[in-house]
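Subject: Structure handover

Hello,

Here is the structure we talked about. Please look it over alongside the notes that follow.

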Amino acid sequence: MQDATEAPVGRHAGYPLFVDLEDRLVVVIGGGAIAEHKLRTLLRYGARIKIVSPKITEGIQALVDEGKVEWIPRVYELGDLAGASIAFSVCGIPAVDVRIHEEARSRNCLLNVADVPEECDFIVPSIVRRGLLSIAVSTSGAACTEAKRIRHRLEDDFDESWVAYLDLMTQVRDLVKERISGGHDARKPIFEAAADAGWRKRLAAGERISVEDAYNEAVALAQSVSQTTSESGGHASAVKHDEPTTTATTAGKER
Ligand SMILES: C[C@@]1(CC(=O)O)C2=NC(=C\c3[nH]c(c(CCC(=O)O)c3CC(=O)O)Cc3[nH]c(c(CC(=O)O)c3CCC(=O)O)/C=C3\N/C(=C\2)[C@@H](CCC(=O)O)[C@]3(C)CC(=O)O)/[C@H]1CCC(=O)O
Ligand SMILES: NC(=O)c1ccc[n+]([C@@H]2O[C@H](COP(=O)([O-])OP(=O)(O)OC[C@H]3O[C@@H](n4cnc5c(N)ncnc54)[C@H](O)[C@@H]3O)[C@@H](O)[C@H]2O)c1
């Protein structure tokens, strides 16, 4: 049977990306409740936002007053997408959507038309965010209610403990890249050991784990795995440091 991840994707299935919008211009056409919902998410990701709409909600007005959003108080005109990296049409008027779509195409600007998958260059997923962890869910436009329910299930599975855990993991990873020579093959067993060390649950239980201790623990765990593998006839190579480290503390296996 064909692997599900290798099967051809269907209509409206988007290629998943995590795009850095920091300081990029995003143009939103329309100023209703749906525009406000999209705007609030976009602001969290550092986008510069220009909104074109004769009317805006009180919530958007507050963001305009705080200087977080630029408002052009009129209907959409050709040229409004100038300089935009991506754009959203949330005015809900099909004839206007068609004009916005034409301008977006001519400018190579990716457009989302809320609720009109066939006019969308990209669709907006349902998002779970836990610090550095992002999980985006899409049903390729088939059932956003299901996307939302899957998000709720994932929110239960991936609780707030992931925030501190991934902060620790990223710092340990930086240390490993700094201290372990020999390329990816030498570092990989340590990254695996770090993921096996059970830090997330231990942090959640209130244990304080310093970056240095975590690093030493991962190196020791990788070494013990490497020894076990070579004793049983495997090919794992020993971990090589660029500088000596102290002995590690406990190394639980549980995640
Ligand atoms: C994920 C989420 C993100 C967001 O918008 O932030 C999102 N819709 C959400 C909720 C939601 N939207 C609607 C309902 C009412 C119930 C219902 O209709 O099912 C609910 C549920 C609710 O509100 O509870 C109405 C609706 N939506 C679309 C259509 C048109 C159609 O289906 O053809 C219709 C009208 C259908 C009709 O005619 O009645 C289409 C799209 N909505 C998408 C995204 C894209 C596909 C995402 C995917 O691939 O799954 C896509 C294709 C285009 C786009 O907008 O990007 C967000 C969940 C946020 C969360 O996690 O809480
Ligand atoms: N994806 C979702 O979750 C979802 C859910 C509900 C609705 N929608 C869709 O999103 C769209 C907007 O929904 P809403 O509830 O915010 O609608 P709304 O009617 O409250 O807002 C529309 C906004 O567009 C502005 N507008 C009208 N004509 C314009 C023009 N020519 N140029 C610029 N702005 C113009 C209006 O002033 C208003 O601010 C609708 O198409 C709706 O079907 C999406």
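A disulfide here is a pair of cysteine sulfur atoms within 2.5 Å. By this rule the count comes to 0 disulfides. Why does C91 form none? The closest cysteine sulfur to that of C91 sits in C120, 13 Å away, which is too far for a bond.

Some ground rules before the rest. This is a predicted model, in which local features need pLDDT of at least 70 and side-chain atom pairs count only at pLDDT 80 or more, while totals for chains, interfaces and linings use all residues. Residues are numbered from 1 along each chain as its sequence is written, chains are lettered from A and ligands numbered from 1 in the order in which they are written, and side-chain values use heavy atoms, with hydrogens and water left out.

Burial terms come next. Buried means under 20% relative accessible area, exposed means over 50%, and partly exposed is in between (1.4 Å probe, protein chains only). By these cut-offs C120 is buried at 17%. C91 is partly exposed at 27%.

**Ligands**

A residue counts as near a ligand if one of its heavy atoms lies within 4 Å of it. A polar contact is a pair of N or O atoms within 3.5 Å; within protein, one must be able to donate a hydrogen and the other to accept it, and residues adjacent in sequence count only if both atoms are side-chain atoms. Accessible areas come from the Shrake-Rupley method with a 1.4 Å probe; for residues, only the protein chains shown count as cover.

Ligand 1 has 19 residues around it. The closest are H37, S126, S138, T139 and R151. A polar backbone atom of G141 is 2.8 Å from an oxygen atom of ligand 1. The side chain of T145 places an N or O atom 3.1 Å from an oxygen atom of the ligand. K148 has a polar side-chain atom 2.8 Å from an oxygen atom of ligand 1. Taken alone, ligand 1 exposes 1,100 Å², and the protein buries 65% of that.

Helices are DSSP runs of H or I, at least four residues; strands are runs of E, at least two; both are numbered from the N terminus. R151 is buried, at 18% relative accessibility. Its side chain makes a polar contact of 3.2 Å with that of S126.

Backbone polar atoms approach its oxygen atoms at G31 (3.0 Å) and at A33 (3.2 Å). An N or O atom in the side chain of S53 is 3.2 Å from an oxygen atom of ligand 2. Alone, ligand 2 exposes 870 Å², of which the protein buries 63%.

**Salt bridges**

Side chains of opposite charge can pair when their charged atoms come close. A salt bridge is a side-chain nitrogen of Lys or Arg within 4 Å of a carboxyl oxygen of Asp or Glu. How many salt bridges does a search of the whole structure find? It finds 12.

One of them joins E36 and R40, with the closest N and O atoms 2.8 Å apart. The two are 4 residues apart in helix α1 (residues 33-44), so about one helical turn separates them. E36 is buried at 17%, whereas R40 is partly exposed at 41%.

E66 and K68 meet in another, at 2.9 Å, N to O. E66 is partly exposed at 49%. K68 is partly exposed at 46%.

R200 pairs with D159, the closest N and O atoms being 4.0 Å apart. R200 lies in helix α7 (residues 199-204) and D159 in the loop between α4 and α5 (161-179), so the pair ties together parts that are 41 residues apart in sequence. R200 is buried at 18%. D159 is partly exposed at 35%.

There is also a network of salt bridges linking R74, E77 and D80.

**Surface**

E118 lies in the loop between β5 (110-113) and β6 (126-130). E118 is exposed, at 54%. E118 and T170 are 52 residues apart in sequence and 39 Å apart in space, C-alpha to C-alpha.

Best wishes
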